[in-house]
Amino acid sequence: VGSEMCIRDRNYILRRLLLIFPTLLGITIMVFSIMAMAPGGVGASLLTRGGDLRPEERAAMQAYINERYGLDKPLPQQYLRWLNNVSPLGFEKNSNSESYFGFKTPDLGMSFAKNRPVTELISDALPITLLLNLLSVPFIYTFSIILGVYSARYRGSVFDVGVGTTNLALYSLPVIWVGTLCIVFLSSKEYLDWFPTSGLHSLESDTWTFLPSLGGDGLERGYLLDMLWHLFLPLLCLSYSSLAFLSKLTRTSVLENLQSDYARTARAKGASEASVLWNHVFRNSLLPLITITAGIIPGLLVGSVVVETIFSIDGMGRLVVDSVMVRDREVVLSITLITSILTLISYLIVDICYAIADPRVSYE
């Protein structure tokens with residue numbers, strides 16, 4: 001029986017991996033088509049840079065843009081060309097300008113709007129977004145689990161009512177409103193002026209040491225402390241809504257399992273309440289949290305558009321929005337492709353984690 005289950009599990013994972021490729025094709029074709037059918041087409045944003053050009057100059061500029069970026073080709077040909085460029089297996093020209101089919105280095109192309117390789121744009125923005133999310137995600141999950149578990153454990157208490165009311169209030173507050181209030185009251189010189197309004201570092205931080213130190217002008221914050229000072233408000237706006245939601249979700253899941261038969265059986269066998277709560281109930285309450293976790297990995301890449309825009313942080317969120325606004329097709333398609341791959345892999349990992357957390361889960 002064990003060998004049959006292993007074979008079923010292996011076949012299931014293999015099918016899911018093979019389904020990734022047609023799913024990616026469908027997603028990228030849909031995004032490509034939407035951008036191609038947008039008013040003015042992909043090259044419309046490039047023509048607006050010309051200002052008040054004469055008709056013949058505008059026509060010449062449009063012809064140049066179409067030829068340079070291949071926009072004068074049929075749409076299926078444009079898509080296949082992009083697909084060939086980003087694929088690790090496809091057609092490529094050798095040193096003699098002869099085409100051959102084989103393995104090659106994927107090329108995400110050039111940004112239409114910024115005239116830079118897409119890889120460079122992503123490599124500049126991605127570390128900032130990863131820093132924000134890698135600092136916020138552990139904080140969100142740690143405190144949401146603690147608050148949710150103990151709210152369920154002490155259901156109806158002052159602690160439970162207080163946490164529930166606070167979570168409801170936090171989840172109801174829009175991020176754009178909270179971020180604006182933080183800047184007005186906590187960063188403005190007219191009020192408290194406790195935190196900076198934008199960016200990740202002060203202008204003079206490059207001359208500071210990495211850690212706080214004593215200098216001629218007294219205590220210097222240092223590069224690390226200055227960065228954390230700049231990140232406090234963005235992390236606050238990035239975390240509070242997810243913390244409230246996950247805390248409420250954890251409470252509901254734990255409360256349901258606390259009243260189950262296996263929890264009562266464990267208590268009847270003499271297990272302590274802490275052992276029942278953490279060793280039995282909590283493990284069976286992880287499935288909803290695991291489901292939510294599927295969106296974390298793609299979220300690490302895309303980032304928070306609102307938070308990065310409010311606090312003028314040049315992360316992936318702003319890059320995506322700016323690229324969509326100017327119809328920078330290569331950037332949008334590349335980020336869509338990477339995000340889709342991470343999303344599909346995340347859902348596969350979540351399905352595997354289901355079986356680890358609950359042996360009753362089957363892949364049949």
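This is a predicted model: local features need pLDDT of at least 70, side-chain atom pairs count only at pLDDT 80 or more; totals for chains, interfaces and linings use all residues.
Local features need pLDDT of at least 70 and side-chain atom pairs count only at pLDDT 80 or more, while totals for chains, interfaces and linings use all residues. Residues are numbered from 1 along each chain as its sequence is written, and side-chain values use heavy atoms, with hydrogens and water left out.

Two packed helices are described by the angle between their axes and the distance between the axes. Helices (H or I, at least four residues) and strands (E, at least two) are DSSP runs, numbered from the N terminus. Axes are lines fitted to C-alpha atoms, for helices over the stretch in contact, and angles run from 0 to 180 degrees between N-to-C directions.

Take helix α7 (residues 175-187) and helix α8 (residues 222-258): their axes cross at roughly 150° and come within 10 Å. The angle makes α7 roughly antiparallel to α8; that term applies over 145 degrees, with under 35 as roughly parallel, 65 to 115 as roughly perpendicular and the rest as oblique. The crossing of α7 and α8 is right-handed, meaning that the near helix is turned clockwise from the far one by less than a right angle, whereas anticlockwise is left-handed. On the α7 side the contact (heavy atoms within 4.5 Å) is made by Val175, Val178, Gly179, Cys182, Leu186 and Ser187, and on the α8 side by Leu233, Leu236, Cys237 and Tyr240. Eight of these residues are nonpolar, two are polar and none is charged. In this scheme Ala, Val, Leu, Ile, Met, Phe, Trp, Tyr, Cys and Pro count as nonpolar, Asp, Glu, Lys and Arg as charged, and the others, Gly among them, as polar.

The second pair is α5 and helix α6 (residues 158-172), which pack at about 135° with axes 8 Å apart. The two helices are therefore oblique to each other, and their crossing is left-handed. Leu147, Tyr150 and Ser151 of α5 meet Phe159, Asp160 and Val163 of α6. By class this contact has four nonpolar residues, one polar and one charged.

A nonpolar core is a set of buried Ala, Val, Leu, Ile, Met, Phe, Trp, Tyr and Cys residues joined through side-chain atoms within 4.5 Å. Buried means under 20% relative accessible area, exposed over 50%, and partly exposed in between (1.4 Å probe, protein chains only). Of the 20 residues in this core, Trp82, Ile122, Met316, Leu319, Val331 and Ile335 touch the most other members. A second, separate core has 17 residues, including Leu132, Cys237, Tyr240 and Ile313.

Most residues other than glycine have a negative phi. Asn115, in the loop between β2 (99-103) and α5, has a positive phi near 55°. Asn115 is partly exposed, at 42% relative accessible area. Asp193 also has a phi near 55° and lies in the loop between α7 and β3 (213-215). Its relative accessible area is 39%, which is partly exposed.

Ala263, by contrast, is in helix α9 (residues 261-268) and is buried, at 0% relative accessibility. Ala263 touches Asn257, Leu258, Val276 and Val281, not counting residues up to four places away in sequence. Its C-alpha atom is separated by 9.5 Å from that of Glu273, ten residues apart along the chain.
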